[in-house]
Structure formats: structure tokens, C-alpha cells
Amino acid sequence: MLWLQRGFADLLSKSQIIKDLRSCNVVGVCVSASFSSWTLSPSDPHCQKMGLVEAPTVAASNGSGDAQKIKPANERSRFLEVYNQLKTELLADSKTFQFTPESRVWVEKMLDHTVPGGKLNRGISVPDSLRLLKERELTEEEYFLSSSLGWCVEWLQGYFLVEDDIMDHSVTRRGQPCWYKIPKVGMIAINDGIVLRNHIPQILKRHFKGMPYYTELLDIFNEVEYQTSLGQMLDLITTPEGEVDLSKYIMPTYIKIVQYKTAYYSFYLPVACALLMAGEKDEAKFEAAEKILVQMGTYFQVQDDYLDCYGDPAFIGKIGTDIEDTKCSWLVVQALQRASEDQKNVIKENYGKKDPSKVAIIKQLYKELNLEKVFEDYEQESYVALIAAIEQQESLPLQAVLKAFLGKIYKRQK
């Protein structure tokens, strides 16, 4: 274990997060609580450096009701074991629904394809954050419950991605075909997404109904889903397919899209779950965490937009299509702010076209406008601003949580 903590600490030292965490006197806790989120993909150089490998996914069940387990081979095994238990519970017959053998196999295949295949940063952040808030190791029950909430976040993510891939006509996701692209799935994936979303209240009811914060959990998952769906709507109506209205590509609109579509469920939701489990009742702490985490989520989405254009598809696990899909991306907004009238005409004539030559013209324009340097400056400025905001918080455990989140995304490459 010590060698892995040292490897993670070495990574964090490069981004100066360790230095900032020392100011909270929680370096040891944070490293042990957060390194697991980095050990997730065989293509990740950090994993290769540490000698870690991706857990293989075995075949689905034979319809008997006994779910096959995903066999993990590294530190995330404990988290994946919770997924295996939750999946088994959801695939069991109940008063609510009794499976046929075929439907049980279908749901299990769908779950294994859409829920646990990503980096799992959102989900693992719940037990990691609870550990930091409590400033001690978690009991077995605390770990299981916090991980169950983490998996609820991952289930929500799976639901969003299944539907988003259909709307965006995406081809790959997490290094494999999108679920709707799997033979015989097609538009059945729309209903599968709905099933994923409805698994969440089933998990919460089974494991949290007797908890004093049960109602708050239901409320926050419902509210965040509502915010995310409206963010998706804003994205879609701002950039309808086949139509380019450059007057809509402005920073205030972009900020609203990314905050509601990404920041709340990816950043605020995991921490809010941990705060509720920790027994936090101070609304001021929730509000402070929300403000900082939404800013952090905005920075994260800007990174995502940058990687969509400049990232290696083999490394980031998807083929970027923001230009073809007419997305209100941070890059095109920045380009329009800097472009001459002639360059704006180039954008209008080529943006949103599914022609590789036109995509190449847009990327060449980004190069002419030096947007890679613009992004590098933005990233550094965002880091400095976020650290300053975090260090204004009176609670050192909350500081540790927020800095751990920042440490996971600062200068990420995927």
C-alpha cells in the first residue's frame, strides 16, 4: 500500500496539490482516501507507471438470477464489490418486478456496459470525501453505504450518457461502442436509460429508507437530475443540428450550459452525499461547497471541450465530435471572441459540418488563434482562483475534500 501512496503523492506533487493539502494538515488522510480514483485504466500512464491493470468484465448471467461478478484486479476492487452486490439485488425478482430469463440477461449486460466502465471518479469520491470529512477510516457499514451512494451517482452518469450518445449520434464511449450501437440494442437504449435512472430510488429505498437524511437524498438526486436535463436542453436548443447561429455562441450561455449539464451532478452531488452521511446540517457549508464545486465543474468541462479537439481518442476513450455536432464549445466561443470578420465567416461556413475537411479547417483556425495557449492560461488562472476560494473555508476537512477533487482534475489528460 505504501508504494501506491507514494506513487500518488508523486503525481500530486507535480501539480502542487500536496503543498496545498499540507496547509490543512491532512496530507496522509487525503492521499490514502483519494489515490484509488487514479488507478482505473490500462491506457492511463499513471496506471502503467504503477503496474496496475483494468479489471476485466466477464460474461453476463445465464438468466438464473445469479449475477456474474466483475473481477477486479487492483485497489478499486472494494468499490466494485459494492457494485456487484447492488447489481445482484436489482436483478433479483421482487414484488415490483419479476424477470424473465431473457430480460435478466439483457439488464445485466446493459448494466455492465453502461455503469462501471468509466474512471469511476464521481462514485469513488463519495467514500473518499466521507473519509476526509470524518478524518478517519470508515467502518465497513459506512464504506458500503457511502459507496452505494457513489454508485447511485455512477448510475445517474450512465443514464445521462446513454441518452446523450443517442442525441449526439456518438460512436464510441469509454473506448467501446456506445450502448445504442451494440447489435440488437438500437433505440431500445432509450428505455434502458430510463431503467438506469429508476434503479437509483430502488437502491436508496433498500439501503437508506431508515436514515434521517433519506428524504434529503431523494431530493438532491431529483434536483440534480432536473438541473442536468435542463442543461442538456439548453445545449440542444442553443446548437440545433445543421444550424449555426453564431450570435448564440457567447460565454454567459456557455457557462449556464456547462454548470447545469455537468457541474452539479459530477462535482456537487458526490460531496453533498458525503456531507449528508457525515451528519452535516449547516446550510452554509453546503452552499460554500456548491459554489466552489460548480466553479470546479465549469473548469472540468472546459478541459473536456479542449480534449475533445486536442485529445488522443485512443487515450481519452472517445472520438471528439463537438465541431461536427455544432456544440457550443469553450473553444468556438473563445474563437469567436478573437476572430476577425473573415475568420468568423470561416467558422460559419465550416462549423457543424460532418465533413472531415471542414473539421480540419476549424482546427486550423483554432491554431491560428493560438487557443492552446489561451487554454493553458485559463487552466492556471482557474487553479489559482479555486485554491484561494477553498482556503477561505473554515472547515479543514471540507478544504481537504475540495482540494482532493481539484487534485484529480488539474492538468488531466483524459
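Visitor: Where is the place of Q393?
Guide: Q393 sits in the loop between α17 (371-390) and α18 (396-409). Helices here are DSSP runs of H or I with at least four residues, numbered from the N terminus. This is a predicted model, in which local features need pLDDT of at least 70, side-chain atom pairs count only at pLDDT 80 or more, and totals for chains, interfaces and linings use all residues. Residues are numbered from 1 along each chain as its sequence is written, and side-chain values use heavy atoms, with hydrogens and water left out.

Visitor: Is Q393 buried or exposed?
Guide: Q393 is buried, with a relative accessible area of 18%. Buried means under 20% relative accessible area, exposed means over 50%, and partly exposed lies in between (1.4 Å probe, protein chains only).

Visitor: Which residues is Q393 in contact with, leaving aside neighbours within four places in sequence?
Guide: Q393 is in contact with A288, I292, L398, Q399 and L402. Contact means heavy atoms within 4.5 Å.

Visitor: Changing topic, how many salt bridges does a search of the whole structure find?
Guide: The search finds 24 salt bridges. A salt bridge is a side-chain nitrogen of Lys or Arg within 4 Å of a carboxyl oxygen of Asp or Glu.

Visitor: And which residue forms a salt bridge with K87?
Guide: The partner of K87 is E108, and the closest N and O atoms are 2.9 Å apart. K87 lies in helix α5 (residues 77-91) and E108 in helix α6 (residues 101-114), so the pair ties together parts that are 21 residues apart in sequence. Both K87 and E108 are buried.

Visitor: What about R197: which side chain does it meet in a salt bridge?
Guide: R197 meets E225, at 2.6 Å from N to O. This pair links distant parts of the chain, with R197 in helix α9 (residues 188-208) and E225 in helix α10 (residues 214-238), 28 residues apart. R197 is buried at a relative accessible area of 10%, and E225 is buried at 18%.

Visitor: Which residue forms a salt bridge with D377?
Guide: That is K373, with the closest N and O atoms 2.8 Å apart. D377 and K373 both lie in helix α17, 4 residues apart, about one turn of the helix. D377 is partly exposed, with a relative accessible area of 33%, and K373 is partly exposed, with 39%.

Visitor: Which residues do salt bridges that share partners join into one network?
Guide: The network consists of D164, D165, D168, R173, D235, K261 and K327.

Visitor: On to helix packing: how do α14 and α15 cross?
Guide: The axes of helix α14 (residues 330-338) and helix α15 (residues 341-350) come within 8 Å and cross at roughly 150°. Axes are lines fitted to C-alpha atoms, for helices over the stretch in contact, and angles run from 0 to 180 degrees between N-to-C directions. The two helices are therefore roughly antiparallel to each other; angles over 145 degrees count as roughly antiparallel, under 35 as roughly parallel, 65 to 115 as roughly perpendicular and the rest as oblique.

Visitor: Which residues make the contact?
Guide: From α14 they are V332, A335, L336 and R338, and from α15 they are Q343, K344 and I347.

Visitor: Last one: how far apart are K408 and N121?
Guide: K408 and N121 are 287 residues apart in sequence and 8.3 Å apart in space, C-alpha to C-alpha. K408 is found in helix α18 and is buried, with a relative accessible area of 9%.
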